[in-house]
Amino acid sequence: MTPIAEISLTDVAARLRMAIVRTSRRLRQEATGAGGGGLTPTSVAALATVERHGPLTPSELAEIERIKRPTATRTLRGLVEAGLVDRAPDPADGRSALVSVNAAGRERLRRLRGRKNAYLARRMRDLPSEDVRTLERAAEILEGILEER
């Protein structure tokens with residue numbers, strides 16, 4: 001028989017997962033409304049990863065994003081064509097390239113993040129301060145969970 005604490009934990013996890021999924025979907029919709037410029041969620045995630053960890057090879061991007069190498073290559077090609085990243089030969093491997101975010105890519109990310117942040121701030125504006133502090137603590141906890149390997 002399953003202990004009540006385990007059932008409760010599973011129920012909380014299910015509710016949390018759904019809240020995260022719905023929030024994520026709504027934030028993607030906000031980004032698209034911001035003139036995402038035809039960028040897919042995969043492209044936006046890749047652009048942010050290159051900004052955070054770059055310069056990167058397509059293989060490194062694939063590993064970090066947990067996508068297949070051909071998907072990373074295709075995504076990076078779209079970002080290059082959109083003028084958001086620059087490619088340079090990889091000095092360690094002449095067969096590969098390093099990709100880094102350029103000024104246009106950083107500006108696009110800044111605008112997308114600003115739009116998403118503004119959406120959340122508007123939704124939180126009328127919350128009691130205690131709820132805002134609870135959400136701040138929840139963010140800290142989620143960040144900790146995501147950092148665990």
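Colleague: Is Arg 95 buried or exposed?

Modeller: Exposed, because its relative accessibility is 79%. The cut-offs are under 20% relative accessible area for buried, over 50% for exposed and partly exposed in between, using a 1.4 Å probe and protein chains only. Keep in mind that this is a predicted model, where local features need pLDDT of at least 70, side-chain atom pairs count only at pLDDT 80 or more, and totals for chains, interfaces and linings use all residues. Residues are numbered from 1 along each chain as its sequence is written, and side-chain values use heavy atoms, with hydrogens and water left out.

Colleague: Which residue does Arg 95 meet in a salt bridge?

Modeller: As a general idea, side chains of opposite charge can pair when their charged atoms come close. A salt bridge here is a side-chain nitrogen of Lys or Arg within 4 Å of a carboxyl oxygen of Asp or Glu. Arg 95 pairs with Asp 93, at 3.0 Å from N to O. Asp 93 is partly exposed, at 24% relative accessible area.

Colleague: How many salt bridges does the whole structure have?

Modeller: The search finds eight. One of them joins Glu 140 to Arg 137, with the closest N and O atoms 3.1 Å apart. Both sit in helix α6, three residues apart, or about one turn. Helices are DSSP runs (H or I, at least four residues), strands likewise (E, at least two), numbered from the N terminus. There is also a salt-bridge network linking Arg 26, Glu 30, Arg 115 and Arg 122.

Colleague: What about the inside: which residues have the most contacts in the largest nonpolar core?

Modeller: In soluble globular proteins, nonpolar side chains tend to be buried together. A nonpolar core is a set of buried Ala, Val, Leu, Ile, Met, Phe, Trp, Tyr and Cys residues joined through side-chain atoms within 4.5 Å. The largest one here has 19 residues, and Leu 47, Val 50, Leu 61, Leu 76, Leu 79 and Val 85 have the most contacts inside it. Helix α2 gives the largest share, five residues.

Colleague: Which residues of α2 are buried?

Modeller: Ser 43, Val 44, Ala 46, Leu 47, Ala 48, Thr 49 and Val 50. Their cover includes α3 (58–65), α4 (69–81), β1 (85–90), β2 (93–101) and α5 (103–124). Contact means heavy atoms within 4.5 Å. Leaving aside residues up to four places away in sequence, Leu 61 touches Ala 46, Thr 49 and Val 50, and also Leu 56, Ala 72 and Leu 76.
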